[in-house]
Amino acid sequence: MAPDARPPPNQWLMGVDAFERRMPHHAGIRALWESKWREPCHRAVYPFHDGAFEDFEPVFLDLIARNVYDGNSAEFTLAFIPAAQALDKRGDQAVAEGGSEGKKKASELYLRAACLLRIARFAYITGFPSINDPVKWQAWELQKAIYRKAGSLWSPSPMLEISIPHTSAKGRDRDTIPAYVRVPPSTPGSKAKCPAVILLTGLDGYRPDNTTRSDEFLSRGWGTVIFEIPGTADCPADSADPLSPDRLLDSVFAWMAADGRFDMARVMCWGLSSGGYYAVRAAHMHREKLVGVVAHGAGTHHFFGREWLSRADGHEYPFQLTPALAMKHGYGDDVEAYLDGAQKKFSLLETGILGLPSTRLLLVNGTLDGLMPIEDSMLLFEYGSPKEARFFTGALHMGYPMANSSVYPWMEQVMGSGSTK
């Protein structure tokens with residue numbers, strides 16, 4: 001065992017019953033819809049944010065009738081495409097009507113279409129080192145194209161597509177970082193720069209899936225730069241190289257500084273789910289460039305262990321988790337190799353990252369998280385700089401729906417301090 005290794009606990013804080021059980025939504029497409037997804041779809045919350053129940057119910061009833069449960073199948077993905085294309089067409093018609101109301105209506109329709117396509121390409125896609133699923137990749141490209149139409153209508157702060165030069169790329173890293181950027185409107189003649197939030201996306205939520213967050217940032221006068229994490233969607237970083245995320249952020253910081261619109265003394269980072277791991281890493285490896293970091297639902301050490309992953313496939317993820325994680329971390333289809341080697345290679349404890357000093361770091365999660373164990377957030381209090389946290393008793397992954405009400409006030413306070421280490 002490595003000097004900084006930590007064996008799994010004798011009992012996980014989520015409890016033996018919760019850890020051992022297989023959640024009912026894994027029984028099939030009807031169970032997935034009725035026991036897990038129908039209610040959040042009604043409320044238009046993750047993963048159905050920006051969407052409408054009326055768009056999804058007919059699709060899921062059709063999938064149930066045909067007993068199509070395999071989320072990786074072409075049949076699952078293609079079932080959502082016609083409804084998305086119909087909404088896209090209606091959006092185009094609304095734009096043609098002209099005026100502010102036409103644009104508002106068009107944006108809503110485009111976002112509904114993009115949400116359908118989000119579920120179509122669920123739960124996981126990657127283009128590195130090659131496209132893992134051509135059918136889902138087509139849905140991803142269509143999602144981006146339709147979301148681009150919506151984002152172009154958001155005056156005075158449209159969503160801009162930027163190809164950031166990956167100036168720190170090495171090895172198998174690719175040359176550009178696809179990113180979405182939004183900045184608050186500037187006062188004519190003003191040279192004021194805006195604070196900014198770097199948003200690191202997750203295993204299944206990508207650039208077009210963060211409309212509300214970017215709106216929240218803008219309402220506070222903050223810009224945002226959004227891009228995917230290694231091993232997901234369009235990210236150019238070598239997913240098998242644990243150091244590639246450091247190079248990724250080096251390039252993003254260089255671009256932001258050269259761009260001239262951002263106050264580089266007030267840059268924060270918020271990592272979501274799998275992105276929380278990279279947020280923790282950034283808090284340590286880029287502490288001088290970040291005034292604060294939110295690691296939201298982060299897996300840092302135990303998450304990579306065989307003991308935890310042996311049951312995670314039956315927890316709250318909608319489909320099988322470990323095949324997606326293996327591919328995301330550069331192991332391809334070899335799940336066993338991932339289970340054997342990921343912790344030693346990627347654990348932030350075993351690689352010594354957690355022992356380093358960090359910038360201000362807020363850890364947020366639910367105590368019953370079945371994807372990234374709450375122990376992985378608690379572990380950080382034993383190493384490096386003092387940390388801050390908000391854990392939600394009885395809540396699942398990410399601590400939703402309560403979590404954001406704690407994150408934004410903390411971010412406001414940190415942004416107001418405006419001082420880096």
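Colleague: Before we start, what do the values rest on?

Modeller: It's a predicted model, so local features need pLDDT of at least 70 and side-chain atom pairs count only at pLDDT 80 or more, while totals for chains, interfaces and linings use all residues. Residues are numbered from 1 along each chain as its sequence is written, and side-chain values use heavy atoms, with hydrogens and water left out.

Colleague: How many helices and strands does the protein chain have?

Modeller: Helices (H or I, at least four residues) and strands (E, at least two) are DSSP runs, numbered from the N terminus. Here the protein chain has 15 helices and eight strands. Its radius of gyration is 21 Å, close to the 22 Å that the globule rule gives for 421 residues, so the chain is as compact as a globular protein of that length. That radius is taken over C-alpha atoms, and the rule is 2.2 Å times the number of residues to the power 0.38.

Colleague: What share of the residues is buried?

Modeller: Buried means under 20% relative accessible area (1.4 Å probe, protein chains only). In this protein chain, 57% of the 421 residues are buried.

Colleague: Which residues of helix H8 are buried?

Modeller: H8 covers residues 211–219, and Thr211, Arg213, Ser214, Phe217 and Leu218 are buried. Down the axis of H8 they fall within an arc of 165°, so they line one face of the helix. The arc is that of the directions from the helix axis to the C-beta atoms.

Colleague: What follows H8?

Modeller: Gly221 does, with a positive phi near 80°.

Technical notes: Buried means under 20% relative accessible area, exposed over 50%, partly exposed in between (1.4 Å probe, protein chains only).
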